[in-house]
Amino acid sequence: MISGKLLKNISICSVVLLIVAAAFIGIGCVDQEKTTTGDDTGEEVTGSQSIMIKGSDTVLPLSQAESEEFMYANPEASITVIGGGSGVGIAALIDGEVDIAMASRQIKDSEIENAQANGIDPVEYDIAWDGIAVVVNPENPVTELTFDQLKSIYDGSVSNWADVGGEDLTITVITRDSSSGTYGYFQEEVLLDEEYRADALVQPATGAIVQEVAQNTGAIGYIGYAYLDDSITALALDAGEGSVEATPENIIAGTYPLARPLHYYTDGEPTGLAKEYIDYVMSSTGQDIVSDVGYFPVN
Amino acid sequence: MLNRQLKEKGIESLLFAAGAAAVLALFLLCIFLFKDGLLLFENYPISSFLTDTKWYPTSEPEHFGLLPLLLGSLIVTVGAILFSVPLGIATAIYISELADPKISNILKPVTEILAGIPSVVYGFFGLVILVPIVQKTLQIPTGQTALTGSIMLGIMALPTIISISEDAISSVPRSIKEGSLALGSTKWQTIYKVTVPAALSGISAAVMLGVGRAIGETMTVMMVTGNSAVIPGFPSGLFAPVRTMTATIALEMGEVPQGSDHFHALFAIGSVLFITTFIINIIANYIKRRYRFNL
């Protein structure tokens, strides 16, 4: 009796295990299929109904928004957008894996050489402008900082506003988390690739930075220009050529030091769907989406 | 007849499968968590993981120091317990021993509603209301501190502590309490000399489960503790920003390159977290069983 029960339990148990195993095998198969079909269409014709875009995580939300709207208007088109970083995207373009590479920096000379050696001719499109505002509490009398001062605040060598021309008040330094594209950009441009100070507050979202700066008189943070509102003040920055206010005009003109154009790169002049898509992005509808996502239109 | 028996067996095996699924899920979860966590130690020595005081996952060379995060979790949790245990037990005593039945009928469900509020709402409340209050009251550079996290977590652990302690206190046999009263002790003397000691095992279990709730909480602490990965002092660290293990995983999991050391480091932290809560739950269960009140 007991052994019979045990036997039954074992058999039930193995049935459950089998079902679960089958489910996992199923998941594996589905994944496999997806990747192979993706590769096939990519190899067939680049100008067909399917293109792949890869690269910068900063451009990623913009490309996603653009491609969603584009596919909504052109239901037969299929656009795959993948992040990974500017370098990853450009490398994929050089290897001929993608139709469009997204980059938040200019392509390097070495990358152009590699591309040409591979028979790829990168063509650049400026699709939008991105500005990073350095913000403080409106009660803070400091209105401008040089890049040196900003760097010493963020690397930990300066911890009091009095050292950079403000009141005697501890500086509360705020950064984004390390998965943010802006985190990397700021580290590169301002900190010159050195580490952020360890005691900086790390906020999971730009909204949280705005919130903390708005309620803390000693706080400093950096945010995408689109998030700027009346509760916080953007500082004028001096990268060695006099201080420049963070205004849309200065960002588009390229004089504001923490502004950068966002790029698409294609292999030669694009054709077919890739051309249609880029034309769409550059059109007024596409540039409206740029503003909606929080960047600046190029025109 | 045979048909009925078959049906009975069928239902039985279905229910068994449901039970087995939960166990299986836990089992698979463990395997994946530990497998990916252990992969970190192929490239990064385990001694550095355990003793390094820096958490710089994206710099060169990388630093994956567990200590600031573990101690961050610890200080926030200890703070939460210091705050919620006295309050929770006092509430439980009031509800089960002193309150008018009408009042306790309102009070008990209300405290339980606290458990149903999503943690992101607690976090938002903490960020917008509590953070400025803490900063202004204590005159410190920022209100995003371990203390703020402790207060929020304390509030979140309250329903667990209140409801389990209340059960424990109510289950103390009436005869004991009446005996104490009959011997001439006052109501208050009976509560703190007889009832509470008799219910101590249940109360301890409540505290341990509250700790488990606090240590695993993510969203709220991420929003209010500032997330600076520095080793906190005690007690001065209560008034400075800290980063917990849970917040680190939530902050960095989003865009970490899959299969990188950083990815495996986050899994290793997850494993540490899992082991910690697992041990706490075992202790809570043990206390609950071992010291169950026997007449």
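Biologist: How many residues does the contact take from chain A, and how many from chain B?
Modeller: In this predicted model, both chains contribute to the contact. Two residues count as being in contact if their C-beta atoms, placed from the backbone, lie within 7 Å. The contact takes 24 residues from chain A and 32 residues from chain B.

Biologist: Which elements give two or more residues to the side of chain A that touches chain B?
Modeller: By class, that side of chain A has 11 nonpolar, 8 polar and 5 charged residues. The elements of chain A that give two or more residues to it are helix H1 (2-44), strand E7 (201-203) and helix H7 (206-215).

Biologist: Are H7(A) and H6(B) roughly parallel or roughly antiparallel to each other?
Modeller: H7(A) and H6(B) pack with their axes 11 Å apart, at an angle of about 30 degrees. Angles under 35 degrees count as roughly parallel. The two helices, H7(A) and H6(B), are therefore roughly parallel.

Biologist: Which residues make the contact of H7(A) with H6(B)?
Modeller: H7(A) passes H6(B) in a right-handed crossing. The residues of this contact divide into 5 nonpolar, 2 polar and no charged. H7(A) supplies A:Ala208, A:Gln211 and A:Gln215, and H6(B) supplies B:Leu127, B:Val128, B:Val131 and B:Pro132.

Biologist: What percentage of the residues in chain B is buried?
Modeller: Chain B has 13 helices and 2 strands, and its C-alpha atoms fill a box of roughly 75 × 75 × 35 Å along the principal axes. Among the contacts in chain B with a separation of 6 or more, 76% join residues 24 or more positions apart. A residue counts as buried if 20 or more other C-beta atoms lie within 10 Å of its own. Of the 295 residues in chain B, the buried share is 41%.

Biologist: Are H6(B) and H7(B) oblique or roughly parallel to each other?
Modeller: In chain B, helix H6 (residues 119-138) and helix H7 (residues 146-170) pack with their axes 10 Å apart, at an angle of about 135 degrees. Roughly antiparallel would require an angle over 145 degrees, and roughly perpendicular one of 65 to 115. H6(B) and H7(B) are therefore oblique.

Biologist: How do the residues of the contact of H6(B) with H7(B) divide into nonpolar, polar and charged?
Modeller: H6(B) passes H7(B) in a right-handed crossing. Among the contact residues are B:Tyr122, B:Leu130 and B:Val134 of H6(B), and B:Ile151 and B:Met156 of H7(B). The division is 8 nonpolar, 3 polar and no charged.

Biologist: Does B:Gln139 count as buried or exposed?
Modeller: B:Gln139 is found in the loop between H6 and H7 of chain B, and has a positive phi of about 55 degrees although it is not a glycine. With 6 C-beta neighbours inside 10 Å, B:Gln139 counts as exposed.

Biologist: Where in chain A is A:Leu192 placed?
Modeller: Phi of A:Leu192 is near 50 degrees, a positive value in a residue other than glycine. A:Leu192 counts as exposed because it has 10 C-beta neighbours inside 10 Å. Its place is in the loop between helix H6 (181-189) and E7 of chain A.

Biologist: How far apart do the C-alpha centres of domain 1 and domain 2 of chain A lie?
Modeller: The domain assignment of chain A gives domain 1 (49-130 + 261-293) and domain 2 (131-259). The C-alpha centres of domain 1 and domain 2 of chain A lie apart by 29 Å.

Notes:
Residues numbered from 1 in each chain as written. Chains lettered and ligands numbered in written order. Predicted model: local features only at pLDDT ≥ 70, side-chain atom pairs only at ≥ 80, totals over all residues. Helix = DSSP H or I, 4+ residues; strand = E, 2+ residues; numbered from the N terminus. Nonpolar A, V, L, I, M, F, W, Y, C, P; charged D, E, K, R; others polar. Buried ≥ 20, exposed ≤ 12 C-beta atoms within 10 Å, placed from the backbone. Axes fitted to C-alpha atoms, helices over the stretch in contact; angles between N-to-C directions. Left-handed = near helix turned anticlockwise from the far one by under 90°. Domains from an automatic or database assignment.
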